[in-house]
Amino acid sequence: MTAACADRVGRAWQVLDGVPDPEVPALSVRDLGIVRDVIDHGAELEVVLTPTYSGCPATEVIEQNVLGALQAEGLGPARATLRRAPAWTTDWISDEGRRKLREYGIAPPGPALPDGGAPIRIVRRLPAIACPRCGSTHTERTSAFGSTACKALYRCLDCREPFEYFKPL
């Protein structure tokens with residue numbers, strides 16, 4: 001890769017740091033881990049995206065926002081390629097993204113495969129979920145689903161504040 005290509009790709013990654021996720025605007029699409037690669041083909045950039053799930057209603061908006069941001073910075077033309085394998089996992093959320101989720105009031109997910117085992121278990125004991133406001137693990141789930149299917153609703157029994165928890169996938 002030439003220095004000019006590396007610089008263009010590096011600039012593209014920086015731009016993508018500023019493209020918010022439409023469903024969780026506290027995170028950029030890069031924080032969320034859905035931007036898998038940026039490839040400079042000379043005539044155009046290719047941005048490889050992995051949606052959080054195959055039926056994600058925000059996929060088209062994310063594509064448009066990513067391409068629009070690159071175009072606005074003079075890095076276009078660009079195209080988006082959807083790569084669904086391997087499937088997105090919450091393990092791809094960056095440490096910075098997890099910090100931003102807490103600050104936004106959403107408890108970040110734990111590891112999708114905490115013991116290195118199989119991702120699907122019939123019976124599982126849920127770990128204690130820490131309140132993103134006070135840090136207490138004295139919390140309870142009030143609903144399996146929050147504002148989106150990937151989040152659950154919880155309540156802190158110490159500070160009494162409700163919060164969402166981003167479920168590990």
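**A friendly note on this predicted model**

1. Arg99 and Glu103 form a salt bridge, with their closest N and O atoms 2.5 Å apart. Both residues belong to helix α4 and sit 4 residues apart, which is about one turn of the helix. Arg99 counts as partly exposed because its relative accessibility is 31%. Glu103, at a relative accessible area of 61%, is exposed. Please keep in mind as you read on that this is a predicted model.

2. Staying with α4, which of its residues are buried? They are Gly97, Arg98 and Leu101. Looking down the axis of α4, these buried residues fall within an arc of 100 degrees, so they line one face of the helix. Asp95 and Glu103 are exposed on the other side of α4. The elements that cover the buried residues of α4 include α2, β4 (106–107) and β7 (162–166). Just after the helix comes Gly105, with a positive phi of about 100 degrees.

3. Lys100 forms a salt bridge with Asp31, and here the closest N and O atoms are 2.7 Å apart. The pair joins distant parts of the chain, since Lys100 is in helix α4 (residues 95–104) and Asp31 is in helix α2 (residues 29–32), 69 residues apart. Is Asp31 buried or exposed? Asp31 counts as buried because its relative accessibility is 5%, and the cut-off for buried is under 20%.

4. Another link runs between two strands. Arg79 and Glu46 form a salt bridge whose closest N and O atoms are 3.5 Å apart. Arg79 lies in strand β3 (residues 78–82) and Glu46 in strand β2 (residues 45–49), so this pair, 33 residues apart, links distant parts of the chain. Glu46 counts as buried because its relative accessibility is 10%. Arg79, at 32% relative accessibility, counts as partly exposed.

5. Glu44, Glu46 and Arg79 are linked in a network of salt bridges. How many salt bridges does a search of the whole structure find? The search finds 9, and the pairs described above are among them.

6. Now for the spaces inside. The structure holds 2 cavities of 30 Å³ or more. The largest cavity has a volume of about 110 Å³. It is lined by 14 residues, and those closest to its centre are Asp21, Glu23, Leu32, Thr52 and Cys150. By class, the lining of the largest cavity has 11 nonpolar residues, 1 polar residue and 2 charged residues.

7. The second largest cavity has a volume of about 60 Å³. What lines the second largest cavity? The lining is made up of Ile34, Leu49, Thr50, Pro51, Thr52, Cys56, Thr59, Ile62 and Leu82. By class, these divide into 6 nonpolar residues, 3 polar residues and no charged residues. If you have both cavities on screen, look for Thr52, which is named in the lining of each.

8. Two peptide bonds are worth a look in the backbone. The bond from Gly76 to Pro77 is cis, and its omega is near 0 degrees. Pro77 is found in the loop between α3 (59–72) and β3. Ala85 and Pro86 are also joined by a cis peptide bond, with omega about 0 degrees. Pro86 has its place in the loop between β3 and α4.

9. Finally, have a look at Arg160. This residue has a positive phi of about 70 degrees, although it is not a glycine. Where is Arg160 placed? It lies in the loop between β6 (151–156) and β7. Arg160 is exposed because its relative accessible area is 58%, and the cut-off for exposed is over 50%.

Conventions
Residues are numbered from 1 along each chain as its sequence is written. This is a predicted model: local features need pLDDT of at least 70, side-chain atom pairs count only at pLDDT 80 or more; totals for chains, interfaces and linings use all residues. Side-chain values use heavy atoms; hydrogens and water are left out. A salt bridge is a side-chain nitrogen of Lys or Arg within 4 Å of a carboxyl oxygen of Asp or Glu. Buried means under 20% relative accessible area, exposed over 50%, partly exposed in between (1.4 Å probe, protein chains only). On a 1 Å grid over the protein atoms alone, a cavity is a set of points where a 1.4 Å probe fits but cannot get out, and a pocket is an open set with protein on both sides within 12 Å along at least five of seven lines; lining residues have an atom within 4 Å of a point. Grid points are joined across faces, edges and corners, and a volume is the space filled by probe spheres set on the points. Ala, Val, Leu, Ile, Met, Phe, Trp, Tyr, Cys and Pro count as nonpolar, Asp, Glu, Lys and Arg as charged, and the others, Gly among them, as polar. The arc is that of the directions from the helix axis to the C-beta atoms. Contact means heavy atoms within 4.5 Å.
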